[in-house]
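Today I wanted to go through the aromatic contacts and jot down what turned up. Here is what I was looking at.

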Amino acid sequence: MSEKRKRTLDDFFKKSQKVSTITCCSSTSTSTSENLTTNTDQDNQICLSKSESPILSVLEFNELSENTTSELHNKSQSQFLSESEESMLGTHRDPANPLKSAYSLLLSGFGPYQPSDCDFPKINGRQFRKQWYTTNKWLEYSPTRNSAYCFYCRAFPSSNNEAAFVSNGFKSWYKATTSFISHEKSINHMEAVAKVSGLKTGHSVGDVASKINSHHKTTVTKNRNYLKCIIDSLLYCARQGISIRGHDETDESKNKGNFIELLHLRAKDNKLLEDSIVGSQIGYRYVSGTHSNAFLSIMAKQVLRNIVNDIKKAKLFSILIDETQDLSRHEQISFIVRYVDDMFQPHEVFLGFYKTNKTDSETLTNVIKEVLLKNDLKIENIRGQCYDGAAAMRGSYTGVQARIKQENPIALYVHCYAHILNLCLVDLTKQVSFVRNMFGTLQSLHNFIRASSKRHAVFESILLESSKKSGPSKLKSLSDTRWSCRAEALNSLFLNYEVIIKTLEEISETDISCGPEATSLLKNIGDFEFMFCLVFLKDVMTHTNILSKYLQSINMNYNAVISMSTQTTNIFKEMRSDKKFDEMWDKVIEMAKENNIELAQLPRKKKIPMRLGGGGHQPQDIQIKDYYRINIYFSVLDIIMKEIKDRFQENQLEILDGLMNVFTNENPDEKLLDILCNTYKFDIHELQVELKIFNRMFKSKQINSNNSVFQNKLDYMKQGEIKDGFPLLSEILKLFLTIPTNTASCERSFSCLRRLKTYLRRTMGQERLSNIAMLQIERNRVIDSESVIDEFNAASTVHGRRLTLLKALNSIASANDSDGDTSSTAKSLILRIYSFNFVSTMVFIRQIFSITTLVSNYLQLKSIDFIQAIKLVDIAKND
């Protein structure tokens, strides 16, 4: 035999012996309660008492079973060996050879050593007979000692085994037949045979532990897939903003609510849901209100954790706060955070609704601090705060912005530009009497038609008969808080003007009770002054509405606000000319003629008593056209331009100008740079060097002439690794984009609040309301169903869930450490599983299964009688 083949064969036996030692210890610790000892000189087998045997974990037990199974199913190694190698292998398998234990050979796929081609020496005229191999399958022969052994008893020895068949060897050939029969009927031999049979059965069909583990995995997979269906359906209802619970959710109910009805609908093409929801194969379905709230809470917290992680990654952020009253008369605070990611893309995220009993500055400030503390966000990292114009928010001394600045002086306060523009329009409607009267008539007209279904039916019938159906199908109401309502109301009336005239005429002629009011309204809207204001203000409000929508964008920044407001003001300046007025005048005259409206006339002159000097307010030679140009047209344009200029200057702080100046001017103002560097502790020399290099590089690149200088530089900064080469400029740019300009995101969250807390859902709890709002507003955030189920299962720390939801140990142990939430959940579950009570229970169960399997194998033997069976049961009871 070659030296290499011989070394390989030796390694094989050494490896098998190592496996034998470990497995034997495990087997003896769970199969018998007595101390097991063997002659180590004969078969080199190590056996410990039950008290000294190591307790294998479930992971080690499964791994050992898999290794044992693979080794038992290997083919006999002798089939692939040469004659010399077979001789060496036979020497190792000799029962008298201490190099290899019988148990290790059994695990390696070998049986009793039964050589037939050797000489059998005679003792007192008697010798070993090969025919005994056929009648006694357990029998093996040692040529070196000329002795017979029991392979099964050597593999699974006990303390009171017959030494002749285990260690010394049997040589009394004259009484071999009777001794073999007597040994075969002994308790120790039957026990060893049962163990060998159990071992073979376990490897062929799987042992008890593997069967339990397999069934456990199947059950867990099924239960988790079922809960995924529950979570997906619940998430769908939450994101769509529809009600979840039903008034009656019993099995006899015809309408169990959207959530359960959706599950029944999905059960038609989902076998798992059909068996669980319709067929009730799962005893506990987790569709109650308590469990729905638990799932909603876990999903909302998962979204919130993702949001907070993104904010922490950005480090700097701004806060946007606004409050409103819900349908339950509760004051709700919407908390929005603005941050900028590494690609200079601004994000405004929702942190929840928070109920408060007061709206004073101190209470609101405490709410802000509590929310920041709860989410582990530092108030020192706030760089901007944006609120509406309420005194409690913008107060210079005790307002919310002032209180925040006391703890963080560089948290700039910005009054929402969308609110500022709305205040400009509100002031316009109050300062000019013609505009005030026109909007008053418009609101009265809306209320008059809307208040009665009969009058509204008249309006709809005339609208359907009209040839001009391009306009809205209803009139719009006015509101001081709805930013686009004025433009929409004017546009609706302008497009349906002829329909409104006919509607009022018909009501005036047919309705006895409301006819006079219809006649009054008809006279007001049929006046030339009303028509002039309608056409003119529709044009003005269209421009301001475009500006208002532009100011509500999340991507809005201070530079864009200044640019857009300046352009809007320039448009109004262009409109303030005689040429534009003449075009407007001709348009109104043409519309008046089409609707048979009397042309404009000068109002009656107001005469002053002669004793006071006499005379009228208006010159005698003034023309009607000049009257409208001076008193209405120019007056409205002057007021709106002045309001925008004055009110928008409120936020034009030097620090904001300094931040914008860095990116809009090639040679920034030195004074503004000093203010910027002193405020945020930047190195002015390093900033100037970066600006000089950046501007030169920017000039060499092709730019889009349609964009502003700031937008072109922003796009250039996003390219490649430019931001890494200019760290100071990148920080300033992120800081500039982080400062908010509007609270439109808060207003959008209020729209969500109105859809969620309806008349039928006004008793909804605050936590549930905030959770559903989080899932609906942040609907783009991905929900990990596996993590939701793990957290839901871990929440029951005492008795566990009624459905088995815990994954296999090897799956949990291999949880990815890169996922902090999953890893922490997995580790907490592993700690629970590897607790003392759990391990002790598993060991106890394994011992019970081992004893019952042993008894079952005994009772299946044909050679056992009734008396032996009774003894066997007594032994099992004692164990």
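**Ring pairs and charges over rings**

I began with two phenylalanines: Phe663 and Phe710 are both buried. A reminder to myself: this is a predicted model.

I then checked how many aromatic pairs there are, and the count came to 41. I picked Trp132 and Phe180 to look at in detail. Their ring centres are 5.4 Å apart and the planes sit at 85 degrees, so I logged the pair as edge-to-face, since anything over 60 degrees gets that label. I looked up where the two partners sit: Trp132 is in helix α6 (residues 132-135) and Phe180 in helix α9 (residues 176-184). That puts them 48 residues apart, so this pair links distant parts of the chain.

Phe663 belongs to helix α28 (residues 654-664), Phe710 to helix α31 (residues 709-718), and the pair links distant parts of the chain, 47 residues apart.

Last, I looked for charges over rings. The charged end of Arg576 sits over the ring of Phe634, 4.4 Å from its centre. For Arg762, the charged end sits over the Tyr759 ring, at 4.3 Å from the centre.

Technical notes
Residues numbered from 1 in each chain as written. Predicted model: local features only at pLDDT ≥ 70, side-chain atom pairs only at ≥ 80, totals over all residues. Heavy atoms only, no water. Phe/Tyr/Trp six-rings, centres within 6.5 Å; stacked < 30°, edge-to-face > 60°. Helix = DSSP H or I, 4+ residues; strand = E, 2+ residues; numbered from the N terminus. Buried < 20%, exposed > 50% of the residue type's maximum accessible area, 1.4 Å probe, protein only. Lys NZ or Arg CZ within 6 Å of the ring centre and 35° of its normal.
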